[in-house]
Amino acid sequence: MDKAGKQVEVAMKWELIKTYTVTRFIVTEYLDGVYVTLWKASTMHMLDKGGTRMTNFNSTNDEKQLEQFMQRIEANDKIEASDWMPDEYRMTLIKLISMHGMSEIMGALPEKEWVPKAPTLQRKLGIMAKVQDEMGHGQLLLRVTEDLLVPYGKNRADLMQDLFNGDLKFHNVFHMETKTWADAGIIGWLVDGAAIITQTDMLKASYGPYARALQRICAEEVFHAQHGESIILALVEGTDLQKAIVQEALDRWWEPLLMFFGPASKETTGSSKQDLTIKYKIRTKTNEEFRQIFFDKYIPRIISLGLKIPDPTLRYDQDSKLWFYEQPDWNAFKKIIKNQGPRSEARLNLRRHSYEYNSWVRDALSTSSS
Amino acid sequence: MGEEKTFYQEYEIFSKRTPSSAFQHQYSLLAPNEEMALIMAQENFMRREPVADIWIVNRKNIKRMNADEKLTLGRLENKDYRTTKGYGYLKKKWRKYEQEILDEKEILSWGGERK
Amino acid sequence: MSSDETVMDTGYTEAVTSLLYQLADDDFMYSFRGSEWLGLAPHIEADIAFSSISQDSMGHAAMFYKLLEDLGAGNADKLAHFRPAIERRNSILTERVNGQGYYMETPHYDWAYAVARSYFYTQAKKVRIDSLCESSFKPLADVAVKVRMELYYHKMHWDTWFKQLMSSTEVAKKKMADAIKLVMNDFGDVFSYGDQKQQIESHGLIGSEEDLKGRWRMNIEPFFVSLHLQVPEIPEGPVKNGRNGEHSGDLDEGLATLSEVCSADTAAVW
């Protein structure tokens, strides 16, 4: 093939990649525990930056690298930040881990509402440490994301802006209101319980930095789970008022908890990208499998405490070994994850304000990076 | 490019649990300078474990290997002469002289009291 | 005198009790204000470090309340959560809000104020704790030795923030200067023992007000001199003295928040 022919071929391939990639990100509404389009506006920008690199590719070399990469995935090798990886893998990780990290940072806010109000010295200390850990998990995960973003020249500040713009989403549960101290208990016990189920599944993720961060995170989650259990047990063994607030909190949190794992299939909300994370051995189970495990672990415990699950249709089928339950309102879910939940705006506003109001601090201490 | 100012410098954190243990890499954090990185390191990564010492390294001071350089790490397994493996026959020889070979276990036991 | 072996006379017990309330309430309110900051600091890594200091300080308060409990003053949690403002003995500085607005909404928390308050408070706590390590009341001296261990970090942390912001941009210097002014306006009762001055000082429980002020000044002077700045003056005769139960409205607001849950059912075990 002559030089001109080669150029045409490269140009065509570039068009193909561009179309394919852009479509992929704009259409992507849902990716296993990662909701809605994460990089809608910024994808173009990122592609522009990555464009030069991508147009210069040598197709045979790329194919060979991809083949070697998939061999490493198959062999359960760990991929590291500086290793070659296909863009699809990098983008899948960025979407998953940035969402995970930002959810920790945003998830600190609803629980934090109860930090100054915690009812005893021990509870004040326990919940401070717990919320501090959530910020810590956010720190670990954002660092993992930031290293993946290096080729795009993006950093922490860009991630914060993406959150404020609505391009980077956070988990549905953290858009909900908290009303009583029992919410602090339900969040620690059940919301963290749900998170433990999805996070432990990824402890062996193919991406080394994510797996290592999750090791630390899951170890701390054990403390969080017991912190939540401790609050709940004190309430269910307590006075009528205490029993009432814990039941009321469970009633409110049940539906968000079902939503936590995401819809069972893409038919439910339009699209789903569970397959990519499974293909690349980032996780092993589907949304519905996670939800069923959550039921297995927690329904017997909830019932043993004399609490009522607000779903009269809930039943366990011995033959299929599956729980049958009333579906949450997936349309409401779609709205929530588009930042139209009960507290979405207020919490984003708080995060944005606190970040911007003291931006002079970051300006004051900034130094030349060279 | 170098003139651009940033608050977000990347620092790698290393720590050791006890005075006698070796340094171990923890995670990395963003800070505007070393002193700030130092006051944040322990509480970010070692909230629940004992710490005897901390090192802070700006990532730009770390020379990392690229994929080509990593190829230099490969090595044939024909280097018995560097290890005791190549001298295993001595054990039998010493038996003839009614003496024991000075193996790793024996030599490393010499640090204690004279027996 | 080893007071856990000898029967303490009433005057001595009263003096110890008064001092313990001051120490416990100071750290409790300081920690409470710190806990309101959680999740809102200007940098994630800084937020995490700050929270450890708030937790440590709450732990110190809990130890002081426990000493009061051991002296028969009542249950530590009740002492922390249910005493009205007029019975509180913390300094005005520790009860001040972090900035305008309620933490449940979108508050304007000022990092310059957080750094300035923490810097001067921690410097003051350092000289008080050092002095308490020699206290005639052995259980208190024992607690002070424990607290001192964690103060090394608190001091390094706030020294670093204070010094870096004070020697950075003009914007930061201005904000810090404004914050220092606010902090020093409230500093008049930090080293005060209030009405109990004579009793507390005469029993060898802790150094005199003047002695501690002098040491505080001596400790911070070199840094201010290096920046060609005057060491801020501690106001003589505070307008309100927290050690005598005189407080700002900020304390009422704070107490309402920190006791909101436990007040809903005072008989309950939480």
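The bend at a residue is the angle between axes fitted to the seven residues ending there and the seven starting there. This is a predicted model, in which local features need pLDDT of at least 70, side-chain atom pairs count only at pLDDT 80 or more, and totals for chains, interfaces and linings use all residues. Residues are numbered from 1 along each chain as its sequence is written, while chains are lettered from A and ligands numbered from 1 in the order in which they are written.

In chain A, helix α12 covers residues 287–304; helices (H or I, at least four residues) and strands (E, at least two) are DSSP runs, numbered from the N terminus. At Tyr298(A), α12(A) bends by about 35°, and Pro300(A) follows within four residues. Buried residues (20 or more other C-beta atoms, placed from the backbone, within 10 Å of their own) of α12(A) are Asn287(A), Phe290(A), Arg291(A) and Phe294(A). Just after the helix, Gly306(A) has a positive phi of about 80°.

Chain B holds an open sheet of three strands, ordered β3-β2-β4, with antiparallel pairing (at least two DSSP bridges between two strands). Its edge strands, β3(B) and β4(B), each pair on one side only. The twist from one strand to the next averages 30° (axes are lines fitted to C-alpha atoms, and angles run from 0 to 180 degrees between N-to-C directions).

| Strand | Residues |
|---|---|
| β2(B) | 9–16 |
| β3(B) | 24–31 |
| β4(B) | 53–58 |

Six bridges join β2(B) and β4(B), and Glu12(B) stands opposite Val57(B) in β4(B). Helix α1(B), residues 34–45, lies across β2, β3 and β4 of chain B and runs at about 125° to β3(B).

How values were computed
Expected span 1.5 Å × (residues − 1). Buried ≥ 20, exposed ≤ 12 C-beta atoms within 10 Å, placed from the backbone. Contact = placed C-beta atoms within 7 Å.
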